[in-house]
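Subject: Structure handover and notes

Hello,

The structure is placed below, and my notes on it follow. Please read them next to the coordinates.

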Amino acid sequence: MYGTDGIGEEEPLFRPYAVTGGRSEPRYHLAMETLVSSMSIPDAEMALLTPEHEAIMQLCRTFRSVAEISALLRVPLGVARVLVADMSDEGLVRLHQPRLSQGQPDLNMLERVLSGLRRL
C-alpha cells in the first residue's frame, strides 16, 4: 500500500480515505479482533478487484484479524474496517465474529489474534 520515493522515506501511493469514499466507519460494527477469511473467486473476477481488495484477499487466505489487516496494509484501522465490511457485503470475504458467552471473550480466539499480532 505504500511505496518509497527513492530517498528512503515511505509515502502513501493513495490517500487512505479516498478508497473508502471518505468513510471512516463501516455501516455496521466490526470489532478489530474480528477474524476474516477470503472466499474463493474465479481468476477473472479477481482481476476486476481494486488493488486494496486484492491485497486483502491475498492476506486473508489464512485467518487474519481486522487489526492485522490494518497493520499489514499500513492503513488506519477505520479504513481497514470499511474495506473489510464492504468486501463482506460483496461476498468476497467471510467474517468470523467473536462469540461472547456471558460477557466473556473467547480465549481461544484472543490467543489466535495475539499470536498473529506477535508475528507482525
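Salt bridges

Asp86 is buried, at a relative accessible area of 15% (buried means under 20%, exposed over 50%, partly exposed in between, with a 1.4 Å probe and protein chains only). Before going further: this is a predicted model, in which local features need pLDDT of at least 70 and side-chain atom pairs count only at pLDDT 80 or more, while totals for chains, interfaces and linings use all residues. Residues are numbered from 1 along each chain as its sequence is written, and side-chain values use heavy atoms, with hydrogens and water left out.

Asp86 forms a salt bridge with Arg27, with 3.1 Å between the closest N and O atoms (a salt bridge is a side-chain nitrogen of Lys or Arg within 4 Å of a carboxyl oxygen of Asp or Glu). This pair links distant parts of the chain: Asp86 sits in helix 4 (residues 77–89), Arg27 in the loop between strand 2 (10–12) and strand 3 (35–38), and they are 59 residues apart. Helices (H or I, at least four residues) and strands (E, at least two) are DSSP runs, numbered from the N terminus. In contrast to buried Asp86, Arg27 is exposed, with a relative accessible area of 62%.

Arg27 also forms a salt bridge with Asp89, the closest N and O atoms being 3.9 Å apart. Asp89 is partly exposed, at 49% relative accessibility. Through shared partners, salt bridges join Arg27, Asp86 and Asp89 into one network.

The structure holds 3 salt bridges. One of them pairs Glu68 with Arg64 (3.9 Å, N to O); Glu68 is buried, at 2% relative accessibility.

Helix packing

The axes of helix 3 (residues 66–73) and helix 4 come within 9 Å and cross at roughly 115°. Axes are lines fitted to C-alpha atoms, for helices over the stretch in contact, and angles run from 0 to 180 degrees between N-to-C directions. Val66, Ala67, Ile69 and Ser70 of helix 3 meet Leu77, Ala80, Arg81 and Val84 of helix 4 (contact means heavy atoms within 4.5 Å). By class, the residues of this contact are 6 nonpolar, 1 polar and 1 charged; Ala, Val, Leu, Ile, Met, Phe, Trp, Tyr, Cys and Pro count as nonpolar, Asp, Glu, Lys and Arg as charged, and the others, Gly among them, as polar.

Helix 2 (residues 51–59) packs on helix 4 at an angle of about 80°, with the axes 11 Å apart. The two are therefore roughly perpendicular (65 to 115 degrees; under 35 is roughly parallel, over 145 roughly antiparallel, and the rest oblique). Glu52, His53, Ile56 and Met57 of helix 2 make the contact with Leu83, Val84 and Met87 of helix 4. Its residues divide into 5 nonpolar, 1 polar and 1 charged.

Ser65 and the overall fold

Ser65 lies in strand 4 (residues 64–65) and is buried, with a relative accessible area of 0%. Beyond its neighbours within four places in sequence, Ser65 is in contact with Met32, Glu33, Thr34, Leu35 and Val113.

The protein has 5 helices and 5 strands, in the order β-β-β-α-α-β-α-α-β-α from the N terminus. Of its 120 residues, 39% are buried. Among contacts with a separation of 6 or more, 70% are between residues 24 or more positions apart.

Regards
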